[in-house]
Amino acid sequence: MSPLDPWLLQSSVWRCVEHLAAGEPVPHPIAVELHLGTTCNLACPECVSRPTLDTATFEPDRALGVARELASTGVRCVVLSGGGEPLLHPSAAGVMESLHDAGVSLGLVTNGTLLHLHLQAVASCAARIRVSVDAATAATYDRFRPQRGGGSSFRRVLRNLERIAPLAHDRLTYSFVLLTRQAGVGAPVDSNAADLAEAARLAKSLGCAAFEVGIGLDARLQPAPSHAHVSSLLSDQLHAALQCADNDFRVFVDPMVADLAAGRGLREFPARGYARCPAAQIRALVGPRGVSLCPRHQCLPRAIYGDPCVTPLREIWGGTAFQAAIARVDPRSDCTGACMSMQLNDQLLCAVDWLRTHGAAPPLTDDHDLFM
């Protein structure tokens, strides 16, 4: 029996492993995070995209063209996310429908404020829907997810979750990221931790299928040190939230959140031990600011290797710039803090070693879940 992660044994992923093991370039990514623009209707102080907000957007026709090109080049999975609120873009529904009709697995990460404008498209096309809420009360929501220009979006988000739940219950996740802020050493800590258990109960009552608890990061993309001040409160809240789980409602907890709640303290993301990122061969960020090796490097010039606003994706991935960017970026020095590819890289390197040792593929499966 193969010791490899079952995710790697999907046919599309294993073809990438074969290229990597042979020392050949992977022709194109199989998974893409797609940013249609960088505009958002919220003004969250902890937003990791703040440096790029309001800097670029795809023209409506070009956004639809990009969707068609993603499918035609062989991309198998797209997450519509980041850079701002994806549902603000005028072509959002058309992009979702185009990708879905082409057989591409589609995920959506949204703040939920505009779901009522796209209910049918989201419910019909998205295989996963993650709504970032991070609160259970209007008071907490307005502190951590304030609306641009004033006012509150909290009640609207709850109504939208209630509207879409009957249409997409099994695909709907209520996302809660642990957030803390502290003006300085010794200053009071403001946090959303006290809302966690009630948020889980609220998510269940609204008809969500899952409740996801993540960890907030600081400017270095490391867990915020101020989280340590809410460890005891978090323990009680997390215990109560987990009591909500049953066959119809799942609760997922980031291991760092679980460690913090258990009193094991904060641990920073470690340095990388590899000189090249194999995950960058199979996943990419495509947005109006460029095609880059991953979402976290959208501001690193040497990680950007094409302009999809004017250049077809087939030319970008078929040229030399793709591999040149991979060669330019050294994870040991360029990649610090959190990275969603760290575990994937460990798995890919393990699979490459396994294939080079055994010389033949293990039993494979059809593609069933290419979300990373």
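Start by selecting phenylalanine 176: at 0% relative accessibility it counts as buried (buried means under 20% relative accessible area, exposed over 50%, partly exposed in between; 1.4 Å probe, protein chains only). Before moving on, note that this is a predicted model, where local features need pLDDT of at least 70, side-chain atom pairs count only at pLDDT 80 or more, and totals for chains, interfaces and linings use all residues. Residues are numbered from 1 along each chain as its sequence is written, and side-chain values use heavy atoms, with hydrogens and water left out.

Next, bring in Tyr174: ring pairs join Tyr174, Phe176 and Phe211 into a cluster. Rings of Phe, Tyr and Trp (its six-membered ring) pair if their centres lie within 6.5 Å; planes under 30 degrees apart count as stacked, over 60 as edge-to-face and the rest as tilted.

How many aromatic pairs are there in the whole structure? A search turns up five. For one of them, select tyrosine 141 and phenylalanine 154: this pair is tilted, at 5.3 Å centre to centre with 45 degrees between the planes. Tyrosine 141 is in helix H5 (residues 138-144) and phenylalanine 154 in helix H6 (residues 154-168), so the pair ties together parts 13 residues apart in sequence. Helices here are DSSP runs (H or I, at least four residues), as are strands (E, at least two), numbered from the N terminus. Both tyrosine 141 and phenylalanine 154 are buried.

Last stop: select arginine 181 and phenylalanine 144. The charged end of arginine 181 sits over the phenylalanine 144 ring, 4.1 Å from its centre (NZ of Lys or CZ of Arg within 6 Å of the ring centre and within 35 degrees of the ring normal).
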